[in-house]
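Have the sequence and the 3D view ready.

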Amino acid sequence: MALATEKFVTGRNAVLGALPDAPELRERAYRVKQETMANLDRYLEQMASAVEARGGNVFFAEDGEAVVRYIGDLARRRGTKVITKSKSMATEEIELNRRLEEEYAGLNLEIVETDLGEWIAQLAGDTPSHIIGPILHMNRHQVADVLSGVAGEKLPPNVEQLTRFARGRLREKFLTADIGISGANFGVAETGTIVTVTNEGNGRLVTSVPPVHVVVMGIEKLIPKFSDLSVFVQLLARSATGQKLSVYTNFVTGPRGEGELDGAEEMHLILLDNGRSDLLGTPFEEALYCIRCGACLNVCPVYRQTGGHAYGSTYSGPIGAVITPLLKGDEEAKDLPHASSLCGACSEACPVGIPLHDLLLKLRNRQVDRGLASKAQQIAFKGFEKTMKSPALYNISTRAGRTAQKPLLKNGSVRPLPGPLSGWTGSRDLPPLAEKPFRQLWKEGI
Amino acid sequence: MADRTEFIEAIRHRTRTGKYKPTHAPDIAWTPKVEPLERERIEDPPARFLQELEALGGHGRRVESTQEARDYIVSLAKEGDAKLLVRWDVEELEALGVDEPLGELGVEVAVWRDLK
């Protein structure tokens, strides 16, 4: 994880360094998102009208259940057997694959992820560990083992050979799919255009080869104008992988038109809420500005040590720690806002200016306000508050501390701290409280 | 499943009545560690393009006339012992007039629009 994320960070710094107006682009991206969220109702209507004017179908889905129903019923009507999917965090969020397979079991659907990493994770029965690189946690030997299981023979752990094998297998699926499901990196309200960005070309093959194309897009992915893409497309690849541009950037505006030779015959745009609109007009609204680049994951000291699976949710890293409790509820994701040192590296890395570490603090505050903090924590912080507000109490406690620490001093450091606090000093030196506090030194004229 | 009007109306309500309005991107320094690169002036863009293309493993040729372009394509077809060539349906390629000389070489030329 450390190697891969370091590579992303180094690449990002280099390509952003080549942009003389990077800070201005970021400010502009923030403003576009700010404007979009402030008028989201209007842009949703505009998007829907634009897509329908081009012959597409639009469905507004309150939650994952609605999406599963819509797609399942569509698959049934169309006699669908094979569905190909390009990478979509929104469909991961609502567990689309599993739910379609379970709730429409009678259709015997074969749902194939076509992003190489997602496909390998799917074959391994695993889940993605990074927004951009789903199998960052696997090495080529592990990948070879997974693909050997599919091949029915031992494949060497050689990247080129493994890729060639994957390409051959996936090509069959692309060409025989009945429905292609994609997400959207952006949806342009002005033109009804869906933009997908990939490095593998699977986005194009999923959206234009099958006769039916379904887009599942979070409502926050909208941007007002086509010209706004010049900001976001520049920022996305640079922030995500350190590329100036992804290998493929696809623009799909409606289904195949008259006289056009490629494109799906039928297109369905599903606009997914799933709790996103609850953030509008709240101190957490900026979490909706996320463009899913993964830059915050790559710089986060916690993520780089633990990896994505430790977060236990679709979205990991700092953005995951913010939006998971917001979308799923504080009770379900109580620990995530605390899985942070609040160093602020994520806020600094975010290309859209989301104040992630601020939002983590706000989530912690919210937990306390809602009575979710543990009794021990509540007591400890109440005590801290009382002490810090009272000079007399503060003096007494620091004097007591100076006395109490004496038996614990070893070579000028306090170690170990007693009882449950001993873990803190297991690998750290705790400096002792000064013999004389600054207030006393000041009175003595120093 | 949400009625479209209800869906949009719910969002409209939130955006109009929400108390919090984000102000501006956080004032956190966002300058990458490396200094911005000097932009070199490219004296001969086509030559530079060909150089970059060849560095990536591609092939290119700079030609002065339509005749030269046509001859290059025909020579590629001959070298590769091509049997079938597919080209885009665009004016410039029509005007290039490769279809006839390739036909004489025994190469079938298919235009994208005619493919089923």
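In chain A, α7 (116–124) and α8 (residues 140–151) pack at about 70 degrees, and their axes are 10 Å apart. Axes here are lines fitted to C-alpha atoms over the stretch in contact, with angles from 0 to 180 degrees between N-to-C directions. That makes α7(A) and α8(A) roughly perpendicular (65 to 115 degrees).

Who touches whom? On α7(A) it's Trp119(A), Ile120(A), Leu123(A) and Ala124(A), and on α8(A) it's Val143(A), Val146(A), Leu147(A) and Val150(A) (contact means heavy atoms within 4.5 Å). By class, that's eight nonpolar residues, no polar and no charged ones.

## The second largest pocket

The second largest pocket holds about 510 Å³ of space. A pocket is an open set of points on a 1 Å grid where a 1.4 Å probe fits, with protein on both sides within 12 Å along at least five of seven lines; lining residues have an atom within 4 Å of a point.

Its lining has 25 residues, and Glu92(A), Glu95(A), Asp126(A), Thr127(A) and Pro128(A) lie nearest the centre. The lining splits into five nonpolar, twelve polar and eight charged residues. α6(A) gives the largest share, four residues.

## About the model

This is a predicted model, where local features need pLDDT of at least 70 and side-chain atom pairs need 80 or more, while totals for chains, interfaces and linings use all residues. Residues are numbered from 1 along each chain, chains are lettered from A and ligands numbered from 1 as written, and side-chain values use heavy atoms, without hydrogens or water.

Terms used:
Points joined across faces, edges and corners; volume = space filled by probe spheres on them. Helix = DSSP H or I, 4+ residues; strand = E, 2+ residues; numbered from the N terminus. Nonpolar A, V, L, I, M, F, W, Y, C, P; charged D, E, K, R; others polar. Parallel < 35°, antiparallel > 145°, perpendicular 65-115°, else oblique.
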